[in-house]
Amino acid sequence: MLYHAYQTQSDLFEPWRAFAELGAEALAQPAFGSSRLARSFAAALEVFAVARLTHSRPHYSIGTVAVTGHEGRVAVIEEEVCKLPFGTLLRFRRQGVGPQPRVLIVAPMSG
């Protein structure tokens, strides 16, 4: 239920974010000059315009890595271990490399 509330809030703020994006673009025009106040206000509008829920993650694009004791580079395979509505646990497996210590990486500001 909490996720539905977040989505509803995001949907309600969407017109305001669009308005803020237009305002930031307008303040970036030479007609407003480059005063500190105009730049600060444009930056604040831009922050508000891009503050939204994201439901897609960027691809990590880790194709190969260098491994000590192996000649050349080793291919990396990205696997989904567990997929839930609020996140996906990924495993990056190095092809042809024996057991290694596990490391958990949590993205900053991930909630």
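How many residues stand between β2 and β3 in the hairpin that they form? There are two residues between them. The model is predicted: local features need pLDDT of at least 70, side-chain atom pairs count only at pLDDT 80 or more, and totals for chains, interfaces and linings use all residues. Residues are numbered from 1 along each chain as its sequence is written, and side-chain values use heavy atoms, with hydrogens and water left out. Helices (H or I, at least four residues) and strands (E, at least two) are DSSP runs, numbered from the N terminus.

**Helix α1**

- Helix α1 covers residues 2-27.
- The 26 residues of α1 should span 38 Å at 1.5 Å a residue, and the end C-alpha atoms are 36 Å apart, which agrees. The expected span of a helix is 1.5 Å times one less than its number of residues.
- At Glu14, α1 bends by about 40°, and a proline, Pro15, follows within four residues. The bend at a residue is the angle between axes fitted to the seven residues ending there and the seven starting there.
- Ser10, Arg17, Ala20, Ala24 and Leu27 are the buried residues of α1. Buried means under 20% relative accessible area, exposed over 50%, and partly exposed in between (1.4 Å probe, protein chains only).
- These buried residues of α1 pack against α2 (36-50).
- An α-helix has 3.6 residues a turn, so residues three or four places apart point the same way.

- Arg17 lies in α1 and counts as buried, at 4% relative accessibility.
- Leaving aside neighbours within four places in sequence, Arg17 is in contact (heavy atoms within 4.5 Å) with Ser10, Phe48, Ala49, Ala51 and Arg52.
- The side chain of Arg17 also reaches the backbone oxygen of Ala51, at 3.3 Å.
- Ser10 is likewise placed in helix α1, and Ser10 is buried with a relative accessible area of 12%.
- Not counting residues up to four places away in sequence, Ser10 touches Arg17 and Leu53.

**The sheet**

- Three strands form an open sheet in the order β1-β2-β3, with antiparallel pairing. Two strands pair if DSSP finds at least two bridges between them.
- β1 (64-66) and β3 stand at the edges, each with a single partner strand, so one side of each is left without a neighbour in the sheet.
- From one strand to the next, the twist averages 40°. Axes are lines fitted to C-alpha atoms, for helices over the stretch in contact, and angles run from 0 to 180 degrees between N-to-C directions.
- β2 (residues 73-84) and β3 (residues 87-94) pair in the antiparallel sense over eight bridges.
- Bridge partners between these two strands include Arg94 in β3 for Val76, Arg93 in β3 for Ile77 and Phe92 in β3 for Glu78.
- In a regular strand the side chains alternate between the two faces of the sheet.
- β1 and β2 pair in the antiparallel sense over three bridges; Ala66 has Arg73 in β2 as a bridge partner.

- Ser61 is found in the loop between α2 and β1. Ser61 is exposed, with a relative accessible area of 57%.
- The phi of Ser61 is near 55°, a positive value in a residue other than glycine.
- Six residues stand between β1 and β2 in the hairpin that these strands form, and Gly69 in the turn has a positive phi of about 90°.
- Gly69 is exposed, with a relative accessible area of 77%.
- From C-alpha to C-alpha, Gly69 and Val97 are 9.8 Å apart in space, while they are 28 residues apart in sequence.
- Gln100 is placed in the segment after β3 and is partly exposed, with a relative accessible area of 43%.
- The side chain of Gln100 makes a polar contact with the side chain of Arg94, at 3.2 Å. A polar contact is a pair of N or O atoms within 3.5 Å; within protein, one must be able to donate a hydrogen and the other to accept it, and residues adjacent in sequence count only if both atoms are side-chain atoms.
- Arg94 is also the bridge partner of Val76.
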